Amino acid sequence: SPRNESLAMRRVASADQVTPLVRPGAKENYSRSLRDPAGQSPLSGSRSRASFSSLGGAPIEAPKDEENRFDFKGIFILCVNTMNGPGLLALPKAFAECGLVPGMIAMITCAWITTATSQILSDAVLLTRQKTQDYDAAYEFTDLARIHFGPTMETVTVIMLCLTLGALAIAQITIVAQALDAMIITFYGQSYALRYYPRMEMVSSETLSLQPFGVNQMMVSLGFVVAMAICIILGMMDLTANKLPQYISFVLLAVSAVALFAHITPLASEQMLHNSNTTGLASFLGDDPASIVGVAVFNFSIVIAIPSLLVDSKTGVDFIGAVSLSLIIICLLYVSVGWIGASGYGDANDNLMAPMLEADNLLAKIACFSFVWALVPPLPIYTILISRNLEQVMGQPKLAKILGVFVPWTLSMFLYMSEAFGAFVVWTSILVLGFTNYTLPLAIAAKACSGSPAKKDHGRGGCCRQMWDGILSAWSDEVGRKALVVNFIITAVLVVVVIMNVQKALGARSFEEAVDEAL
């Protein structure tokens, strides 16, 4: 907003200049280039950004593809689609276990923290452009880590980012493939899969469930192939080329939500009448109120996409307004699904889609199949973000695109029916996702708000010293203090969540029980 930009200008007026660190020998691409002595920006390619006219000086001419970038509506829809995922299906059980009131409070709090973190990180991107005097720069997440903390932190960031986005992508791939197989069985009577171990053969299934071919099977199903073909095509394009699929996904999500509430609201009302209460099969305060925190963090994974969305948004658009609105809408959806779903189904099902597939009800089928198709277009967003950040580190766009798009699908192809692999994905989310989505962005923002210049990196010791210097310097800035305080609180909560989940797994009596705890 103009107010934030004005504040950012005043903060950077007294800040020292920061020189981006360029890896020796790396390919100089659009976000690593600085202005040449003549003052001309080399960032005139398709992904360079026009500067805000309120930053001072003559406004830079918008690139030719400005019209193809995301406006307010596009940013809003893309954010909603990115946060919509398989985590939504786990909310009824999570609300039933923690209680309706703690569930609602956790969702609202997490949405507020995510909004604040997104705004702070957006300001950090603006400040970074000002500090480098490169107002056209298109900084990705890893670029910000390199500029403010050096190459070592860049490496750590890209690893954490790939693990986080990969876990989100694979979790979504699994539920999409399974649900598409169920959809094929519903309309065609059976689905097919190619078993590749212990022997090569074609098999079929007529079982209408989320796991029609069973678990721990070495095979690739027809539903998986359909999803992979669509998502690889979309993943090879950039975010701005995915506008239409994202609009379609949003419409399908709306249809699914309407059908879902039309189906589960009567069930919840019936349970309330049967139990003579206002909560159905749930309660206002459950037995495990803290269990909702991990689910909430998983469902608000949007902050890591903020730098890329800024790159592809139109000049002057109310970016934070669009992100905030998307968080309000998705939070209302989460609370509604969790509250009504818990009242109607209780904690009997880990996945809301399982009982709905078994229900002989048209609304349930519409809700399920609209939802699964709504999950398909957002899937390539994760792989695109991986590719773009790998490109910044590797300097090889083609190799980065291949790794970002094909590796998640290749891993999923061979392992997505494995329970152990599912547990690995969940534990990766527990151990890495929250820190990547909150701790890292807030640390980068605090350093960007500080006046300390980036220094030459000298390995892990140099990285730690720069982080400590950044903390001390950021504390003198109002926004920097806000980033540090929020970071401390959310990181402490994440550490507690990790410890609680590890304790549950260690207390399991068998490996199978530990896997169930993770899932």
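The crossing of helices α5 and α16 is left-handed, a term used where the near helix is turned anticlockwise from the far one by less than a right angle, clockwise being right-handed. The model is predicted, with local features requiring pLDDT of at least 70 and side-chain atom pairs counted only at pLDDT 80 or more, while totals for chains, interfaces and linings use all residues. Residues are numbered from 1 along each chain as its sequence is written, and side-chain values use heavy atoms, with hydrogens and water left out.

Helix α5 spans residues 141-149 and helix α16 residues 419-449; they pack at an angle of about 45 degrees, with their axes 10 Å apart. Axes are lines fitted to C-alpha atoms, for helices over the stretch in contact, and angles run from 0 to 180 degrees between N-to-C directions. The two helices are therefore oblique to each other (under 35 degrees is roughly parallel, over 145 roughly antiparallel, 65 to 115 roughly perpendicular, and the rest oblique). On the α5 side, the contact (heavy atoms within 4.5 Å) is made by Phe 141, Leu 144, Ala 145, His 148 and Phe 149. Thr 436, Leu 440, Pro 441, Ala 443, Ile 444, Lys 447 and Ala 448 contribute from α16. Nine of the contact residues are nonpolar, two polar and one charged.

Strand β1 (residues 191-197) pairs in the antiparallel sense with β2 (residues 201-205) over five bridges; pairing requires at least two DSSP bridges. Three residues lie between β1 and β2 in a hairpin, and Ser 191 has Ser 205 of β2 as its bridge partner. Strand β1 also pairs with β3 (residues 218-221), in the antiparallel sense over four bridges. There, Tyr 197 stands opposite Met 218 of β3. Helices (H or I, at least four residues) and strands (E, at least two) are DSSP runs, numbered from the N terminus.

Notes. Nonpolar A, V, L, I, M, F, W, Y, C, P; charged D, E, K, R; others polar.
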